[in-house]
Amino acid sequence: MLGSLHIGVGATAQAVAIAPKIRTVLAMLLVHAGQVVPVQALMRELWQDHPPATGLRTLQTYILNCRKLLSRLTGCPARWVSEEVLVTGAGGYSLKSTHVRLDWMEFQRLRDLGFSALEEGNNILGIEHLDAALELWRGDALVDAPVGPVLDSKRRFFEESRLDAIAVRADAQIKAGMHQRAITQLAAVTSEHALHEGLHAQYVRALALGGRRAEALGVLRNLRARLVSEIGIEPGHPLQQLQLAILNSDSGAV
């Protein structure tokens, strides 16, 4: 789900060609793996507050199609899929987490391991775990799933978790003296998130500590221009203090 929807067996996963609303149902089940997703929640995600008169029957058809897809991709009988993988629960449907490996859950596991290692003072191990977590991303989360309110919230949660992991990894890399590595990674992510002050602060720090003060100040100038012209605000206090530290050549404050 950390990109377009891919499903497969073992280490091999492939993009799935299914109708948009079936993709939405499958995505809802995947982000709530191990939980019963109520019928009403699925219908609300599909049609918001205006379900068709045939909504319940249509949803049941979507669930049947999801089961057929899982059966085809796994080679398991449809009956086994309906009894052991995508099951009917009390008032809804559930995708049993014991039978699936989800990239977003693996991302969270590796991210937490990375954070724990950094808290214990092991920068190198922490960076390795965060590298592995971030390598799972293939694009924007749920990029090809039409979303309602729940999936939109999940999508934003996944993205914020990713940005948090990037920022923490960058801080660890800077502390470990890996300035060029941090610069390379942050150059890409700050171009994607052109108004994200926290990531720009890490990028500027890496540039300045890597001996590229002029470039660091240029990044700050460009960011200020975008913030002022696009949303009418000045950079926050941390960025202003960072700029002063670079101008004063105070590496201890960077």
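This is a predicted model: local features need pLDDT of at least 70, side-chain atom pairs count only at pLDDT 80 or more; totals for chains, interfaces and linings use all residues.
Modeller: The expected span of a helix is 1.5 Å times one less than its number of residues.

Biologist: Fine. What should helix 6 span, and how far apart are its end C-alpha atoms?

Modeller: Helix 6 covers residues 123–134, twelve residues, so it should span 16 Å at 1.5 Å a residue. Its end C-alpha atoms are 16 Å apart, which agrees.

Biologist: Which residues of helix 6 are buried?

Modeller: Gly 126, Ile 127, His 129, Leu 130, Asp 131, Ala 133 and Leu 134.

Biologist: And what covers them?

Modeller: The cover includes helix 5 (103–119), helix 7 (149–175) and helix 8 (179–192).

Biologist: What follows helix 5?

Modeller: Gly 121 follows helix 5, and its phi is positive, near 90 degrees.

Biologist: Switching to strands. Is strand 5 covered on one face or both?

Modeller: Both faces of strand 5 (residues 92–95) are covered. Gly 92 and Ser 94 are buried on one side, Tyr 93 and Leu 95 on the other.

Biologist: Which way does strand 3 run against strand 5, parallel or antiparallel?

Modeller: Antiparallel; three bridges join strand 3 (residues 36–38) to strand 5. Val 36 stands opposite Ser 94.

Biologist: How many bridges join strand 4 to strand 5?

Modeller: Four, and strand 4 (residues 86–89) runs antiparallel to strand 5. Here Val 87 stands opposite Ser 94.

Biologist: How many residues lie between strand 4 and strand 5 in the hairpin?

Modeller: Two residues lie between them. Gly 91 is in the turn, with a positive phi of about 80 degrees.

Biologist: Now the surface. Which residues make the nonpolar patch?

Modeller: Leu 195, Ile 231 and Ile 233 make a nonpolar surface patch of about 220 Å².

Biologist: Where is Leu 195?

Modeller: Leu 195 is in the loop between helix 8 and helix 9 (197–209).

Biologist: Why does Leu 195 count as partly exposed?

Modeller: Because its relative accessibility is 31%, and partly exposed is the range between under 20% for buried and over 50% for exposed.

Terms used: Residues are numbered from 1 along each chain as its sequence is written. Side-chain values use heavy atoms; hydrogens and water are left out. Buried means under 20% relative accessible area, exposed over 50%, partly exposed in between (1.4 Å probe, protein chains only). Contact means heavy atoms within 4.5 Å. Patches are made of residues with over 30% relative accessible area and no salt bridge: like charges are joined within 9 Å, nonpolar side chains (Val, Leu, Ile, Met, Phe, Trp, Tyr) within 5 Å. Accessible areas come from the Shrake-Rupley method with a 1.4 Å probe; for residues, only the protein chains shown count as cover. A salt bridge is a side-chain nitrogen of Lys or Arg within 4 Å of a carboxyl oxygen of Asp or Glu. Two strands pair if DSSP finds at least two bridges between them.
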